[in-house]
Every structure is written in structure tokens, then in C-alpha cells.
Amino acid sequence: MAEEFYREYMPIINGLLDKHAIEVSIYDLSEASSFTEIFIVAIARSNIHSQTLKDRAEEILDSMGLTYTTEGENGSKWTLMDGGHIVINILTKDGQSYYNLDSLWGDVPNKKFFDLDD
């Protein structure tokens with residue numbers, strides 16, 4: 001994935017990392033999927049941390065003027081925020097190993113970012 005491609009989504013990535021997401025991955029699905037162009041996966045440390053990451057993602061999406069829906073936000077291993085051309089997934093560590101989303105999109109252009117405080 002060209003750096004220019006994910007650059008416009010860096011506010012989301014940095015916002016999630018600022019709230020100490022363990023890992024944030026961005027996938028370019030523009031050539032591989034008809035349901036979205038950008039797929040972001042953030043890994044939370046716990047259910048409570050997942051809520052914090054969701055709240056931060058909502059703040060950023062709101063500031064970007066994007067309309068979105070949220071599913072699975074109450075104590076779930078997986079929260080999905082669907083903004084049409086961008087989908088943000090927030091998973092707990094248990095959810096990450098259970099749903100294994102990386103295996104679905106591992107063959108498309110992607111980039112991973114990590115919490116530098118870890």
C-alpha cells in the first residue's frame with residue numbers, strides 16, 4: 001500500500017494509538033471488496049479499553065464529518081463501526097484470536113502500527 005493511501009486515515013490510527021491500542025492495522029480493500037475501501041483493526045487490552053477506543057474513534061469520525069453506525073459495543077469481543085468506505089473494528093485480545101480478521105485480508109496491501117509505550 002502506498003504511503004499516500006493510508007495517510008488520510010492517520011488521525012484515526014494515531015487517535016487509537018494515543019489511547020494505547022496494542023496494535024492498529026489498516027487494510028486497502030479498494031481492489032478486493034465491494035463493501036468498503038478501508039478496513040481498520042484495533043486491538044484493545046480489555047472490554048473497558050475497547051469502549052475507550054470506540055469513544056475515541058467516534059470523536060475522530062465525527063470531526064471528519066463521517067456518518068457511521070456502531071454494532072457490538074456493549075461488552076463484546078468485537079465492536080464494528082461502519083462508515084461506508086471505512087470500517088473500523090475494535091477487538092479485545094480474545095476477539096482477535098477468536099475472529100482472526102488478519103487471516104481474511106492478509107493478502108491485500110496493509111500496514112501495522114504498534115503502541116510504542118508497550
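Contact here means heavy atoms within 4.5 Å. By that rule, Pro11, Ile12, Gly15 and Leu16 of helix α2 meet Leu53, Arg56, Ala57, Ile60 and Leu61 of helix α3. By class, this contact has 7 nonpolar, 1 polar and 1 charged residues. Ala, Val, Leu, Ile, Met, Phe, Trp, Tyr, Cys and Pro count as nonpolar, Asp, Glu, Lys and Arg as charged, and the others, Gly among them, as polar.

This is a predicted model: local features need pLDDT of at least 70, side-chain atom pairs count only at pLDDT 80 or more, and totals for chains, interfaces and linings use all residues. Residues are numbered from 1 along each chain as its sequence is written, and side-chain values use heavy atoms, with hydrogens and water left out.

Helix α2 covers residues 10-18; it packs against α3 at an angle of about 150 degrees, with the axes 9 Å apart. Axes are lines fitted to C-alpha atoms, for helices over the stretch in contact, and angles run from 0 to 180 degrees between N-to-C directions. So α2 is roughly antiparallel to α3 (over 145 degrees). Helices (H or I, at least four residues) and strands (E, at least two) are DSSP runs, numbered from the N terminus.

## Ile60

Ile60 sits in helix α3, residues 47-63. At 6% relative accessibility, Ile60 is buried (under 20% relative accessible area, 1.4 Å probe, protein chains only). Beyond its neighbours within four places in sequence, Ile60 touches Pro11, Ile12 and Gly15. Ile12 is 48 residues from Ile60 in sequence, yet their C-alpha atoms are 6.3 Å apart.

## The sheet

Six strands form an open sheet with mixed pairing, in the order β3-β4-β5-β2-β1-β6. Strands β3 (69-71) and β6 (110-114) are the edges, each pairing on one side only. Two strands pair if DSSP finds at least two bridges between them.

Strands β1 (23-28) and β2 (38-44) pair antiparallel over 6 bridges. Val24 has Ala42 as its bridge partner in β2. Helix α3 packs on the sheet, touching β2, β3, β4 (78-82) and β5 (86-92). The direction of α3 makes about 160 degrees with that of β5.

## Strand β5

Strand β5 is mostly covered, with 7 of its 7 residues buried. Ile86, Ile88, Ile90 and Thr92 lie on one side, and Val87, Asn89 and Leu91 on the other. In a regular strand the side chains alternate between the two faces of the sheet.

β5 runs parallel to β2, joined by 7 bridges. Ile40 is partnered by Ile88 there. β4 and β5 run antiparallel, with 5 bridges.

Conventions
Buried < 20%, exposed > 50% of the residue type's maximum accessible area, 1.4 Å probe, protein only. Parallel < 35°, antiparallel > 145°, perpendicular 65-115°, else oblique.
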